[in-house]
Amino acid sequence: MGRGRQKAKATKQARDIKYYSPNTDYSALQRELTGPGSRATNHFADDPVEPDYSAYVDKYADDLEDDDEVDSRRIG
């Protein structure tokens, strides 16, 4: 009397855990994921819109080409 009874109990518990499938309440899950109200909130609505810099592209295009030389330098 020793290891056999303990192993059988552990095997039974492992089998019970493996095949345990509780009933899932999908409507409660949906309410939890959507949060308060009927629809999800947009977190990006308050962010300011980025200004349009396309007018400066031609003016500073030469500066952008010179950046490649800076990146190719070895540091250290």
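In which helix is the place of tyrosine 26? Tyrosine 26 belongs to helix α2, which covers residues 26-34.

## Model and confidence

This is a predicted model. The mean pLDDT of the protein chain is 77, and 68% of the residues score at least 70.

## Helix α1

Helix α1 is built from 16 residues. From the first C-alpha to the last, α1 reaches 22 Å, close to the 22 Å expected at 1.5 Å a residue.

Buried here requires a relative accessible area under 20%.

Tyr26, Leu29 and Leu33 make up a nonpolar patch on the surface. Together they have about 370 Å² of accessible area. In an α-helix there are 3.6 residues a turn, so residues three or four places apart point the same way.

Tyrosine 26 itself has a relative accessible area of 61% and is exposed, because the cut-off for exposed is over 50%.

## Aromatic pair

The structure contains 1 aromatic pair. Its members are tyrosine 53 and tyrosine 56, whose rings are 6.5 Å apart centre to centre. The planes stand at 45 degrees to each other, and the pair is classed as tilted.

How exposed are the two partners? Tyrosine 53 is partly exposed at 48% relative accessible area. Tyrosine 56 is also partly exposed, with a relative accessibility of 45%.

How values were computed
Residues numbered from 1 in each chain as written. Predicted model: local features only at pLDDT ≥ 70, side-chain atom pairs only at ≥ 80, totals over all residues. Heavy atoms only, no water. pLDDT = per-residue confidence, 0-100. Helix = DSSP H or I, 4+ residues; strand = E, 2+ residues; numbered from the N terminus. Expected span 1.5 Å × (residues − 1). Phe/Tyr/Trp six-rings, centres within 6.5 Å; stacked < 30°, edge-to-face > 60°. Buried < 20%, exposed > 50% of the residue type's maximum accessible area, 1.4 Å probe, protein only. Patch = residues over 30% accessible without salt bridge, like charges linked within 9 Å, V, L, I, M, F, W, Y side chains within 5 Å. Areas by Shrake-Rupley, 256 points an atom, 1.4 Å probe, with all protein chains shown as cover. Salt bridge = Lys/Arg side-chain N within 4 Å of Asp/Glu carboxyl O.
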